[in-house]
Amino acid sequence: MNFRSILTTLALCLTLDARAALIHQYEFNGNLADTLGGPSLVANGGKVGAGRYDFAANQGLRLHENLGATYTIDMRFRFDTLGTWQKVVDFSGLLSDYGFYTSGSGYSLYNYGGSYGHLKEKQDTHLTLTRGTDAAVRIYQDGVLVGTVADKQGYADFAGHDANFFRDDRGLNEAAAGSLDFIRIYDNVLTQAQVYALVDPSQVPEPASGALMVMGLSLLGLSVAQGRRQRQ
């Protein structure tokens, strides 16, 4: 990991308070590895390029880990086409039709109804999905809250199942081709200000900005010291 990557990771971590932590970060720089050292994603036939994962319909990804009922999932992706139902996140280990979809040009948590946000074909969208202990699922597009759903039935609770992205329990029936830039997963709910800071790092909430400066200066000193040793 180079110096710039370290600072980027610090900026992401420091948007959080003591209740949340960045636990997985997938950037697809030629592989499916977690840059934080966790389990790698498992591909279902897609292709990893220089910083993206490209997939045909139902060639999404699987994370072999139980994320539980409380989390934040942050990703940037696009679909080549928009259709009736196209699954984005499956919470059931591909055992149920319930899940988080695009439906037409909006997002929807099936089976609660409603359509949130606005997507365009072949255009990246930044999605942040949170679920808290109150079972409220909050949907953010490009850092802006576009919808809140009361998950009374627990459809968005992973409940011991693996997480699947862009894979549908019905195979090709409700899946679409597209491209994924990154996935980041946190172990708790980010606030609205913290979510916005993921889209615009200049808006990192205080006191995180001060802490980031201190840590950045410390890392800069370390980098300079390493450079001096290499020249000796």
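User: Which residues have the most contacts inside the largest nonpolar core?

Analyst: In this predicted model, the largest nonpolar core has 36 residues, and those with the most contacts inside it are Met75, Phe77, Phe100, Phe165 and Leu180. Strand β6, which covers residues 71-79, gives the most to this core, with five residues. Apart from it lies another core, of seven residues, and among them are Leu22, Tyr140, Tyr186 and Leu198.

User: What is Leu180 in contact with, leaving aside its neighbours within four places in sequence?

Analyst: Once those neighbours are set aside, Leu180 is in contact with Phe28, Gly51, Arg52, Tyr53, Phe55, Leu61, Met75, Arg76, Phe77 and Phe166.

User: Why is Phe28 called buried?

Analyst: Buried means under 20% relative accessible area, and Phe28 has a relative accessible area of 1%, so Phe28 is called buried. Phe28 sits in the loop between β1 (22-26) and β2, and there its phi is positive, at about 60 degrees, although Phe28 is not a glycine. As background, most residues other than glycine have a negative phi.

User: What makes Phe166 count as buried?

Analyst: The same cut-off of under 20% applies, and since Phe166 has 1% relative accessibility, Phe166 counts as buried. The loop between β13 and β14 holds Phe166, whose phi is near 60 degrees, a positive value in a residue other than glycine.

User: Why is Ala57 called partly exposed?

Analyst: Partly exposed lies between the limits of under 20% for buried and over 50% for exposed; Ala57 has a relative accessible area of 27%, and therefore Ala57 is called partly exposed. Ala57 lies in the loop between β4 (53-55) and β5 (61-63), and, leaving aside its neighbours within four places in sequence, Ala57 is in contact with Leu172, Ala175, Ala176 and Ala177. The C-alpha atoms of Ala57 and Gln86 are separated by 9.3 Å, with the two residues 29 apart along the chain.

User: How do you know that Arg167 has no salt bridge?

Analyst: A salt bridge needs a side-chain nitrogen of Lys or Arg within 4 Å of a carboxyl oxygen of Asp or Glu, whereas the nearest side chain of opposite charge to Arg167, that of Asp162, is 8.0 Å away, so buried Arg167 has no salt bridge.

User: What makes the pair of Arg167 and Asn164 a polar contact?

Analyst: The distance for a polar contact is within 3.5 Å, and the side chains of Arg167 and Asn164 make one at 3.4 Å. Arg167 is found in the loop between β13 and β14 (178-186), and its contacts, leaving aside neighbours within four places in sequence, include Asn44, Asn58, Lys87 and Asp90.

User: How do you know that β8 and β9 pair?

Analyst: Two strands pair if there are at least two bridges between them; strand β8 (residues 99-103) and β9 have five bridges, in the antiparallel sense, and therefore they pair. Within this pairing, Tyr101 stands opposite Ser108 in β9. The two strands form a hairpin with two residues between them, and Gly104 in the turn has a positive phi of about 65 degrees.

User: What makes β9 an edge strand of the open sheet?

Analyst: The open sheet of six strands has the order β2-β5-β13-β7-β8-β9, and its edge strands, β2 (42-43) and β9 (106-110), each pair on one side only. Four of the five residues of β9 are buried, and the strand is mostly covered.

Conventions: Residues are numbered from 1 along each chain as its sequence is written. This is a predicted model: local features need pLDDT of at least 70, side-chain atom pairs count only at pLDDT 80 or more; totals for chains, interfaces and linings use all residues. Side-chain values use heavy atoms; hydrogens and water are left out. A nonpolar core is a set of buried Ala, Val, Leu, Ile, Met, Phe, Trp, Tyr and Cys residues joined through side-chain atoms within 4.5 Å. Buried means under 20% relative accessible area, exposed over 50%, partly exposed in between (1.4 Å probe, protein chains only). Contact means heavy atoms within 4.5 Å. Lys and Arg count as positive and Asp and Glu as negative; His and the chain ends are not counted. A polar contact is a pair of N or O atoms within 3.5 Å; within protein, one must be able to donate a hydrogen and the other to accept it, and residues adjacent in sequence count only if both atoms are side-chain atoms.
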